[in-house]
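Please read them with the coordinates open.

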Amino acid sequence: MRPLDRPFALALALASGLLSAACGDEPEPGSSLAGVRVLAVKASEPYAAPGETLRLEMLAVDRAPDRVRPDGSTRPLEVVWFDGCVNPDGGLFYACYPPIARALDEAFGGAPAPLDGSAPLPPFIVRGEARDLRVPADALSALPPLAPGTPPLGRLFTLFAACGGRVEYAPGADQVGIPIRCVDPASGEALGAEDFVFGFSAVTVFEGLRNALPAVEALTLDGAPLPAASCAGDEGCAAGERCGSAGVCLRALARCGKGDAADCDEHEVGVRLAPGASEPDPLATGFEGRPAVESLYVKFYSTAGRFTRGLTTLVGIDGAATDEPFGLFTGHRAGPGEARLYAVVHDNRGGVGWTSFDVVFE
């Protein structure tokens, strides 16, 4: 799913929910959002120090068909984190399952329990899309002896569940590796893959090494800045723009009903990085012995329409910016109304940043 050997790339591969099939049995690409999706988890310090407190933030989207209630309101998305996995055997995420499963069984005595916050939760369970996480002070000192010259490196894993209903502890449940499930709050029935995402986030623990998050300076659409003017009705918006529901002008795009997205008009969604977004990488060696730098890439997502190019490199492993730092987006199979486009930028050392904008389809 990602051209990286970082644990977080695996996390997102696991965390992706199943996508609904489009008409004609043609599957939607991963950039087209359907069901509950976790697009990224951002740690304030991808390279953390022992004893430090980090901020974790999740970018999650609910596009499941049942997200809108009969009264027109949108259901809340419940996010639950499970801490307590430091330096698992082999540095493998699935080695976290047994200790966290045991902690759940011990905390609830083997009796089913909701994790919705209606009752006090044990400290290793945290709710909310953003939360603080403390790195244990012994995350490096507790490591086994290392080979001479090898810098101590730890791994801190946090499991998470994003549910379009209620997350509950369910003794004996083994669908995701730990005894939890996502249920309909009204009926108690288990919800399916389009309503439930399970995965993990990983932070690397070093002493004295840092990795800043990749910063996006701006997004562009067809090479032009995005509109930002306030509006009432369409008054105050430029040609080709419409007033959006939030009172800000939006670019208007044409819908496309053709059978193949490749036959639709394509729009370039460009990413302009902030200066210095690609940092030196002190643990790697560049070409011909030159200092190595981070490579950066971006993944695009949309709530309607379709990206025909939803993944592109921004900065290569040689440190040079690419010639085409943009995705290609179409109005393929879009309905009328507003849509949101997301750009999630990753570096190859676990750093991530994101931004989004809205368009309106006519």
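1. Start with the link between Cys237 and Cys249. The torsion about its S-S bond is -95°, which makes this link left-handed. It joins distant parts of the chain, with the two cysteines twelve residues apart. Cys237 sits in the loop between strand 13 and strand 14, and Cys249 belongs to strand 15 (residues 249-253). The sulfur atoms of Cys237 and Cys249 are 2.1 Å apart. A disulfide here is a pair of cysteine sulfur atoms within 2.5 Å.

2. Some ground rules. This is a predicted model: local features need pLDDT of at least 70, side-chain atom pairs count only at pLDDT 80 or more, and totals for chains, interfaces and linings use all residues. Residues are numbered from 1 along each chain as its sequence is written, and side-chain values use heavy atoms, with hydrogens and water left out. Helices (H or I, at least four residues) and strands (E, at least two) are DSSP runs numbered from the N terminus.

3. Are Cys237 and Cys249 buried or exposed? Cys237 counts as buried because its relative accessibility is 16%. Cys249 is buried too, with a relative accessible area of 1%. The cut-offs: buried is under 20% relative accessible area, exposed is over 50%, and partly exposed lies in between (1.4 Å probe, protein chains only).

4. Now take Cys231 and Cys243. They form a disulfide with sulfur atoms 2.1 Å apart. The link is right-handed, with 90° about the S-S bond. Cys231 lies in the loop between strand 13 and strand 14 (241-243), while Cys243 is in strand 14 itself. These two cysteines are twelve residues apart. Cys231 counts as buried because its relative accessibility is 14%. Cys243, at 21%, counts as partly exposed.

5. One more pair: Cys256 and Cys264, again a disulfide, with sulfur atoms 2.1 Å apart. Its S-S torsion is about -80°, so the disulfide is left-handed. Both Cys256 and Cys264 are buried.

6. How many disulfides does a search of the whole structure find? It finds five. With the bonded cysteines numbered in sequence order, the pairing reads 1-2, 3-4, 5-7, 6-8, 9-10.

7. Two strands pair if DSSP finds at least two bridges between them. Strand 12 (residues 216-221) and strand 16 (residues 267-273) run antiparallel and are joined by five bridges. Within that pairing, Ala218 has Arg272 of strand 16 as its bridge partner.

8. Strand 3 (residues 53-63) deserves a look. Eight bridges join it to strand 1 (residues 35-43), and the two run antiparallel. Ala43 stands opposite Leu56 in strand 3. Strand 3 also pairs with strand 7 (residues 130-134), again in the antiparallel sense, over five bridges. There, Thr53 stands opposite Arg134 in strand 7.

9. Last, Ser31. It is placed in the loop between helix 1 (7-15) and strand 1. Ser31 counts as buried because its relative accessibility is 8%. Leaving aside residues up to four places away in sequence, Ser31 touches Phe300, Tyr301, Ser302 and Phe307. Contact means heavy atoms within 4.5 Å. The C-alpha atoms of Ser31 and Thr308 are separated by 9.0 Å, although the two residues are 277 apart along the chain.
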